[in-house]
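Take a look at it before reading on.

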Amino acid sequence: MSEQSKLTYDQWSNLLDQAGVMAAMAEVHGLISGLLSAGVKPEPEQILPILSDFLNDGQALPVSLQKQVEQLIQATAADLNQADFSFSLVLPTDDDSLAERLEAMVEWAQAFLVGFAVQQTDLSLLPADVREAIEQLSEVTRIDIHACDDTNDEENEESYFLVLEHIKIMVLNCHAEVGQKFSSLAASNKTVH
């Protein structure tokens with residue numbers, strides 16, 4: 001992964017704020033991950049306009065931010081393709097409150113679903129396990145982030161990490177079953193003249 005894509009959630013959030021982008025970093029990374037998992041090729045000319053439409057009111061991302069986002073797109077695609085399951089969601093760190101992390105996780109899942117739906121509009125055509133993964137990700141978006149039981153922090157933390165790992169597995173499944181197949185189909189359908 002490039003140095004730029006190794007930025008922390010807070011560093012990315014500061015870059016987005018400085019560029020005047022209203023979206024949270026969780027939404028940016030979730031949308032990119034959803035697009036890639038649905039078969040959109042990791043090409044900035046395909047992904048940047050979608051990011052602009054959904055996350056920046058249709059305005060192009062500032063040039064200062066575009067290059068960094070392009071590197072994030074490439075790094076995310078590489079992580080999704082790793083056989084060692086090294087893919088991870090760009091979310092706040094353990095130092096942030098559980099409520100902040102839960103909110104970001106829900107935003108990430110919502111954005112992933114939007115990105116996936118941009119490319120895959122008819123879920124009935126997808127394998128059953130992918131449809132189930134999409135349904136489970138939809139369930140994540142309904143988590144009540146304000147209903148945490150403050151009396152058992154350790155149990156809440158454990159539950160958070162279990163859900164996070166489950167999201168990761170569902171995303172990798174979607175990418176393996178749909179993203180890799182559709183992006184390779186698109187590549188093989190190109191004709192050379």
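Q: Where is the place of Asp-96?
A: Helices here are DSSP runs of H or I, at least four residues long, numbered from the N terminus. Asp-96 lies in the loop between helix 4 (63-81) and helix 5.

This is a predicted model: local features need pLDDT of at least 70, side-chain atom pairs count only at pLDDT 80 or more, and totals for chains, interfaces and linings use all residues. Residues are numbered from 1 along each chain as its sequence is written, and side-chain values use heavy atoms, leaving out hydrogens and water.

Q: Which side chain of opposite charge is nearest to Asp-96?
A: Asp-96 is buried yet has no salt bridge. Buried means under 20% relative accessible area (1.4 Å probe, protein chains only). A salt bridge needs a side-chain nitrogen of Lys or Arg within 4 Å of a carboxyl oxygen of Asp or Glu. Lys and Arg count as positive, Asp and Glu as negative, with His and the chain ends not counted; at 6.4 Å, the nearest opposite charge is Arg-101.

Q: Is Arg-101 buried or exposed?
A: Arg-101 sits in helix 5 (residues 98-119). Its relative accessibility is 1%, so Arg-101 counts as buried.

Q: Which residues does Asp-96 touch, not counting those up to four places away in sequence?
A: Contact means heavy atoms within 4.5 Å. By that cut-off, Asp-96 touches Asp-10 and Arg-101.

Q: What distance separates the C-alpha atoms of Arg-101 and Tyr-160?
A: Arg-101 touches several residues beyond four places in sequence, including Glu-157, Tyr-160 and Phe-161. Arg-101 and Tyr-160 are 59 residues apart along the chain, and their C-alpha atoms are separated by 8.6 Å.

Terms used
Helices (H or I, at least four residues) and strands (E, at least two) are DSSP runs, numbered from the N terminus. Buried means under 20% relative accessible area, exposed over 50%, partly exposed in between (1.4 Å probe, protein chains only).
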